[in-house]
Amino acid sequence: MPVTDPISDYLTQIRNALTANHRWVDIPASNMKKRISLILKHEKYIKDFILINDGKQGLIRVYLRYGKDGAPIIEGLKRVSRPGRRQYVKSTDIPRVLGGLGIAVMSTPIGVVTDKIARKYNVGGEVLCHIW
């Protein structure tokens, strides 16, 4: 069955794995999901991720990160722009997630970046999701 919103599916699989206290989760790969995983690793929301070749499109194994008390580092994931309702913002209107404590992942002309990088380069684009 084809997935109509792969980014939402990606976020849901991570959310479900965190709820079940899994160490990692395997997700079907795409270039967009690889880039979002790279952002999550760079911002220290996940430990790491690896690409697994399964002879088809491949898998991304995302290693989840937990605090010393066993609570997940990622407290929330929210899909903002959906296939039925895209959310585009100008460079002056880029949202701040929890007053700067979280990140907004955006698709911009310079690539898939965080809200901080989009502000730095003064570019707008589509707000994909919020992570805190």
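Mentor: A helix is a DSSP run of H or I with at least four residues, and helices are numbered from the N terminus. The model discussed here is predicted.

Trainee: Where do D115 and R119 lie?

Mentor: Both residues lie in helix α3, 4 residues apart, which is about one turn of the helix.

Trainee: Why is the pair of D115 and R119 called a salt bridge?

Mentor: The rule asks for a side-chain nitrogen of Lys or Arg within 4 Å of a carboxyl oxygen of Asp or Glu.

Trainee: Why is D115 called buried?

Mentor: Buried means under 20% relative accessible area. D115 has 3%, so the term applies. R119, at 25%, lies between the cut-offs of 20% and 50% and therefore counts as partly exposed.

Trainee: What makes E126 and R86 a salt bridge?

Mentor: Their N to O distance is 3.0 Å, which is within 4 Å, so they qualify. This pair links distant parts of the chain: E126 belongs to strand β8, whereas R86 is in the loop between β4 and β5, 40 residues apart. E126 has a relative accessible area of 11% and is therefore buried, while R86, at 40%, is partly exposed.

Trainee: Why do β1 and β2 stand at the edges of their sheet?

Mentor: The open sheet has the strand order β1-β3-β2, with antiparallel pairing. β1 and β2 each have a single partner strand, so one side of each is left without a neighbour in the sheet.

Definitions and conventions:
Residues numbered from 1 in each chain as written. Predicted model: local features only at pLDDT ≥ 70, side-chain atom pairs only at ≥ 80, totals over all residues. Heavy atoms only, no water. Pairing = 2+ DSSP bridges. Helix = DSSP H or I, 4+ residues; strand = E, 2+ residues; numbered from the N terminus. Buried < 20%, exposed > 50% of the residue type's maximum accessible area, 1.4 Å probe, protein only.
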